[in-house]
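Here's a quick briefing to read alongside the sequence and the 3D view. Have a look at the model below, then work through the notes.

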Amino acid sequence: MKMKSILRTRLGWVLTTAFAFVMFMAVGPGVLLVNRPDTFLGLPLLYAWGVFWYLVIVVIALAAYRFVWSDDRNSKRVT
Amino acid sequence: MTILQSAVDASIGSSIPVLVLVSYLLVLIGIGWAGYRRGKGDEEDYYLASRGQGWFVSSLTIMATFFSSFALLGAPGMVYREGVVFALVSLNVPVAGFAIYLLGSRIRAVGQARGYVTQADMLCDYYGSRVVLRLLIVIVGFLFVVPFVMIQLKAGGELASVLFPSQESAFQIGAIVIAGITAIYIMIGGMRSVAWTDAMQCILLTSGMLLAGVAMVSAMGGWTGFTQALGQLPVSSRTLPGNTGFWELPMLMSVCLFMGMGGVLSPPQWMRYYSARDRQTIQRSALIFIILLTGCFLLGIMLVGLGGQALYPLQFDQLGAVSPNPGVGSYDQILVVVMKYQLPNLLGNELGLLLASILIVAIMASSMSTADSNLHALGGLVTRDVYDRFIRPQATEKERLWVGRLVILAASFLSLLVVLSGSRQDSSFVGFMEMMVGLGLFGVAFSVQLLPIAIDVLFVRKGTSVAACAGLATGVVFAFMFTSLFNPLVEWIGFSSLRSLASLVAWVKAALPIHASVWGLVPNAIVLVVVSTFTKPVSEEIRLRFARDVGM
C-alpha cells in the first residue's frame with residue numbers, strides 16, 4: 001500500500017513536470033521555435049503546433065485521472 | 001407552379017429558424033418550471049441544489065458556465081482579428097481543468113463539511129474576518145460577474161444585428177431578450193434549473209462549436225480548399241504577435257496561465273464545487289473539461305475565425321491598422337455572418353438554414369448558460385454576504401430568497417444599461433466594449449486575485465487575516481490599473497494626477513506586455529507573504545480544522 005502511494009506521488013510529480021513543459025513549449029518561449037509562416041499538413045505551423053501539444057495534454061490528463069486521481073479516491077475510501 | 005413552389009420553399013425556409021428558436025426557449029422555461037417544482041424552497045436548495053449534483057450535470061454546468069458566447073462569438077472574433085495566435089489561447093482551458101481538480105475538490109470538501117454557500121463563507125471563516133475581507137470578496141465577485149453578463153447580452157445584440165439588419169434597434173432588442181428570459185428562469189428555479197438548463201445548453205454549445213468548425217471547412221470547399229485558403233493569409237495572421245501586435249509572447253503566456261484560473265475561481269464555479277455530490281464528481285468534471293472543451297475550442301470554433309479571414313479579408317490601412325471587412329459589421333459577428341450568408345448558399349436552403357438555426361440556438365445557449373450562472377451566483381453573494389450580514393441579519397430565509405431574486409433583476413438591468421450605452425458610437429467606452437474577449441479578460445483579472453488566499457487556505461495555511469485583506473485589496477487595485485477600462489475612465493474623470501498615473505501605467509504596459517491579472521497577482525502575493533510575517537496568525541485550532549476538512 002505504501003509502495004503504491006510512493007509510486008503515485010512520483011507519477012504525480014512526473015505528470016506535473018510534463019504539463020509544465022508542455023505549457024512552456026506550447027505557449028511559452030518554445031513557441032518561438034515555430035513562429036514562421038510555414039505550413040504543416042496544409043495547416044499554419046503555429047496552429048499545428050497547438051494541436052500537437054493539445055494531444056500531449058490529453059494523454060497527461062488521462063494518465064492523471066487513471067493512475068493519480070483514482071488512487072486518491074481509493075485511498076480516501078480506505079481511510 | 002414554380003412561383004407557388006418557391007413561395008412554399010421560402011415559407012418553410014423562413015419558419016425553420018423561428019421553430020427551432022421558439023422550441024428552445026419553451027424547453028428552457030419548462031426546465032425552469034421543473035426545477036421550481038423539484039425545489040425544496042430553502043436557501044441551500046436554491047443556491048446549491050442541496051449539494052447533491054452528480055458528475056454528469058456538474059461537468060456540463062461547469063463547462064457551460066466557463067464557456068459563454070466568449071467561446072462562440074468572442075473567440076472566432078479574436079481569431080478573425082489576430083489570426084492563428086489566438087487559437088493557442090485555447091490552451092488556457094487545460095490549465096483551468098487541472099485547477100478544477102486541485103482547487104475544486106478541496107473547496108468542495110471544506111464546503112460540504114462546514115455548510116458554506118459562497119466564497120466569502122469559506123475564506124472569511126478561515127481568516128476570521130467579518131467585514132473587510134467579505135466586502136472585498138463581494139467587490140471581486142461583482143467585478144467578475146457584471147462584465148461576463150455584459151458579454152452575453154452583447155452577444156444577443158450582435159446576433160440580432162446580423163439576423164435582422166433592416167431593424168434599426170436590432171442590437172438593443174437582442175440584448176433585452178437575452179437579459180429578460182435569463183433573469184426569469186433563474187428567478188423561478190434557482191441552482192437546479194440553472195444546472196439543468198446548463199446541461200442542455202452545454203450539449204448545444206459543444207456541438208455548436210464543433211459544428212461551426214465543420215461547417216466552415218465545408219463552406220470553403222472541404223479540407224483542401226480550406227488549407228489552401230489559409231496558406232494565402234497575411235504573414236501576420238499566421239505568426240506571433242498577430243495582426244495588431246497585441247499577442248506578444250509574455251501576453252500569450254500570462255493569459256494562457258491565468259485566464260482559465262480566473263474562471264475557475266469565479267463565484268459561480270466556486271458554488272458549483274460546493275454543490276457537487278462527491279470528490280469523484282469534481283475529478284470527472286475536470287477530465288471532461290480538459291479533453292472535450294479544449295478540443296471544441298481548438299478543433300472547432302477557432303477554424304471559423306481562420307476561415308473567416310479567408311472569406312472576408314481584413315482591411316489594413318497604410319499605417320498597418322486593422323479593421324474588419326465591410327461585409328462584417330464587427331469582429332465578433334464573424335460566425336453569424338458566415339452562418340447567415342455562406343451556409344444556405346453552400347449547403348442548400350433547407351439544410352443550410354437548419355444548420356444556421358442550430359448555431360443560433362447554440363449562441364443563445366452559450367450566452368444564457370453563463371449569464372444565468374453568474375447572475376445566480378451574484379444573487380447569493382449579495383444576499384448572504386451583504387444583506388444577511390450587514391443590513392438585516394434577522395431576515396427570514398424566504399425574505400433572503402426574494403432579495404436574491406431582486407439582485408438578479410437589478411444586476412441584469414445594470415448590465416443591460418451598460419451594454420446599451422456602451423454600444424453607442426459616441427460612448428467613451430466604445431473601445432473597452434469593442435471585443436467580447438476584452439471584456440472577458442477584464443473580468444478574470446479580478447477573480448484570479450483570489451488565487452493567493454485560496455492557495456493559502458487550501459494548502460499552506462500560513463497567511464493572516466490582515467495580510468489576506470491587504471493582499472487582495474492591493475491585487476484588485478493594481479489589476480484594475482492595468483485593465484483596458486482604466487484609461488477611458490481616467491479620460492472621463494479628467495483629473496490631471498490620474499492622467500500622469502495612466503501615462504506611467506501605459507509606459508510599464510508597453511515595456512512588459514503581460515495581462516492585468518499578473519500585474520495584480522504579483523503585488524497581491526508579495527503583500528500576503530510579507531504582512532503575514534508580522535501580523536497575528538490564524539489560530540492553531542482553525543488551521544487544524546481546515547487541514548482536516550480538506551482531507552488530502
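**A helix pair in chain B**

In helix 21 of chain B, B:Phe486, B:Asn487, B:Val490 and B:Ile493 meet B:Leu498, B:Arg499, B:Ala502 and B:Val505 of helix 22 of chain B (contact: C-beta atoms, placed from the backbone, within 7 Å; helices: DSSP runs of H or I, at least four residues, and strands: E, at least two, numbered from the N terminus). This is a predicted model: local features need pLDDT of at least 70, side-chain atom pairs count only at pLDDT 80 or more, and totals for chains, interfaces and linings use all residues. Residues are numbered from 1 along each chain as its sequence is written, while chains are lettered from A and ligands numbered from 1 in the order in which they are written.

*More on the pair*
- Helix 21 (residues 486-493) and helix 22 (residues 496-511) of chain B pack at about 160°, with axes 9 Å apart (axes are lines fitted to C-alpha atoms over the stretch in contact, and angles run from 0 to 180 degrees between N-to-C directions).

*Core*
- The largest nonpolar core has 204 residues (buried Ala, Val, Leu, Ile, Met, Phe, Trp, Tyr and Cys joined through C-beta atoms within 7 Å; buried: 20 or more other C-beta atoms within 10 Å of a residue's own).
- B:Leu88, one of those with the most contacts inside that core, touches A:Ala26, A:Val27, A:Val31, A:Leu46, A:Gly50 and B:Leu252, leaving out residues up to four places away in sequence.

*Chain A*
- Chain A has two helices and two strands, in the order α-β-β-α.
- Of its 79 residues, 23% are buried.

Conventions: Buried ≥ 20, exposed ≤ 12 C-beta atoms within 10 Å, placed from the backbone. Contact = placed C-beta atoms within 7 Å.
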